[in-house]
Amino acid sequence: ITPKMNMIIVTGLCGVLFLIGIMYTTRVGSDLLDVADHFCPTYCLLFVALVEYVLIAWMYGAEKMIQDIRNCAPPQWQQY
């Protein structure tokens with residue numbers, strides 16, 4: 001990335017984030033913050049965790065992961 005392109009990207013990103021931040025300074029800002037505070041920790045974290053499990057299963061191998069879990073599980077759990 002050239003320095004000029006880097007400057008354009010940083011300026012555009014700062015402008016967009018500034019406009020998003022202005023929403024929180026209005027009278028409805030508290031309600032928007034409640035919505036964002038509920039959405040980000042729950043759904044985004046759930047999505048990231050699911051993607052992480054899929055990537056681990058894909059990279060490590062689902063069969064190998066299941067076999068490792070069976071090897072680490074107590075004997076009474078082996079029947080499942």
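User: What makes Tyr-43 partly exposed?

Analyst: Tyr-43 has a relative accessible area of 46%. Buried means under 20% relative accessible area and exposed means over 50%, with partly exposed in between (1.4 Å probe, protein chains only). Tyr-43 is therefore partly exposed. This is a predicted model, in which local features need pLDDT of at least 70, side-chain atom pairs count only at pLDDT 80 or more, and totals for chains, interfaces and linings use all residues. Residues are numbered from 1 along each chain as its sequence is written, and side-chain values use heavy atoms, without hydrogens and water.

User: Why does Phe-39 count as partly exposed?

Analyst: The relative accessibility of Phe-39 is 43%, so Phe-39 counts as partly exposed. Val-51, at 34%, counts as partly exposed too.

User: Why is the pair of Phe-39 and Tyr-43 called tilted?

Analyst: Rings of Phe, Tyr and Trp (its six-membered ring) pair if their centres lie within 6.5 Å; planes under 30 degrees apart count as stacked, over 60 as edge-to-face and the rest as tilted. The rings of Phe-39 and Tyr-43 are 5.7 Å apart, centre to centre, with 45° between the planes, and the aromatic pair is tilted. The structure holds one aromatic pair. Both residues lie in helix α2, four residues apart, about one turn of the helix.

User: Why are α2 and α3 called roughly perpendicular?

Analyst: Helix α2 (residues 29-60) and helix α3 (residues 62-72) pack at an angle of about 100°. Angles under 35 degrees count as roughly parallel, over 145 as roughly antiparallel, 65 to 115 as roughly perpendicular and the rest as oblique. The two helices are therefore roughly perpendicular to each other. Their contact (heavy atoms within 4.5 Å) involves Ile-56, Ala-57 and Tyr-60 of α2 and Ala-62, Lys-64, Met-65 and Asp-68 of α3.

User: How confident is the predictor in the protein chain?

Analyst: On the pLDDT scale, from 0 to 100, the chain has a mean of 88, and 96% of its residues reach 70 or more.

Conventions:
Axes fitted to C-alpha atoms, helices over the stretch in contact; angles between N-to-C directions.
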